[in-house]
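Visitor: Could you walk me through a few of the labels used for this model?
Guide: Gladly; here it is.

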Amino acid sequence: MSEDTLLSILPLAQKGYCCSQIILLLGLEAQGTENPALIRAISGLCHGIGGAGQTCGALSGAACLLGLYAGKGQQSEVEHERLALMLESLAQWFAEYTSGFGGTACTDILGESATQPDPNICGRLIADTMDQTLTILVDNGFDPGESPD
């Protein structure tokens, strides 16, 4: 894990952003852009989808970040041919990464306190997931510093 990534997460968490939002904020920051509407939309994934403790927001946010680069966004576009493989790679990596917790849901990772993130667990998980997502993008020919539009 990049310590720089971890250090960039802390101020965002202190400002009240959740895992999924932080992943997208970091992705947008790498592009040098902002998209408040997207960040608001991603809030639905916070704390395991609306606080339900389901799929970890770091995983769902990272999947959305991959989709931001390689997904279909307009009628005239087509999804990048490697998107499905990129998402599969992310999901497999995340399942292995969280296997010691017993699963990929917030309740697996944090137990019954899934609606209250643990900075020690969640910070590292977000940082490692972000780094892996950037690796997947680069390995598939995307420049995380360039806007996909």
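Guide: Helices (H or I, at least four residues) and strands (E, at least two) are DSSP runs, numbered from the N terminus. In that scheme W93 and Y97 both lie in helix α5, residues 83–97, 4 residues apart, about one turn of the helix. This is a predicted model, where local features need pLDDT of at least 70, side-chain atom pairs count only at pLDDT 80 or more, and totals for chains, interfaces and linings use all residues. Residues are numbered from 1 along each chain as its sequence is written, and side-chain values use heavy atoms, with hydrogens and water left out.

Visitor: Why is the pair of W93 and Y97 called stacked?
Guide: Rings of Phe, Tyr and Trp (its six-membered ring) pair if their centres lie within 6.5 Å; planes under 30 degrees apart count as stacked, over 60 as edge-to-face and the rest as tilted. The centres of W93 and Y97 are 4.8 Å apart and their planes meet at 25°, so the pair is stacked.

Visitor: And what makes the pair of W93 and F94 tilted?
Guide: Their centres are 6.2 Å apart, with 55° between the planes. W93, F94 and Y97 form one aromatic cluster.

Visitor: Why is Y97 called partly exposed?
Guide: Buried means under 20% relative accessible area, exposed over 50%, partly exposed in between (1.4 Å probe, protein chains only). Y97 has 29%, so Y97 is partly exposed, whereas both W93 and F94 are buried.
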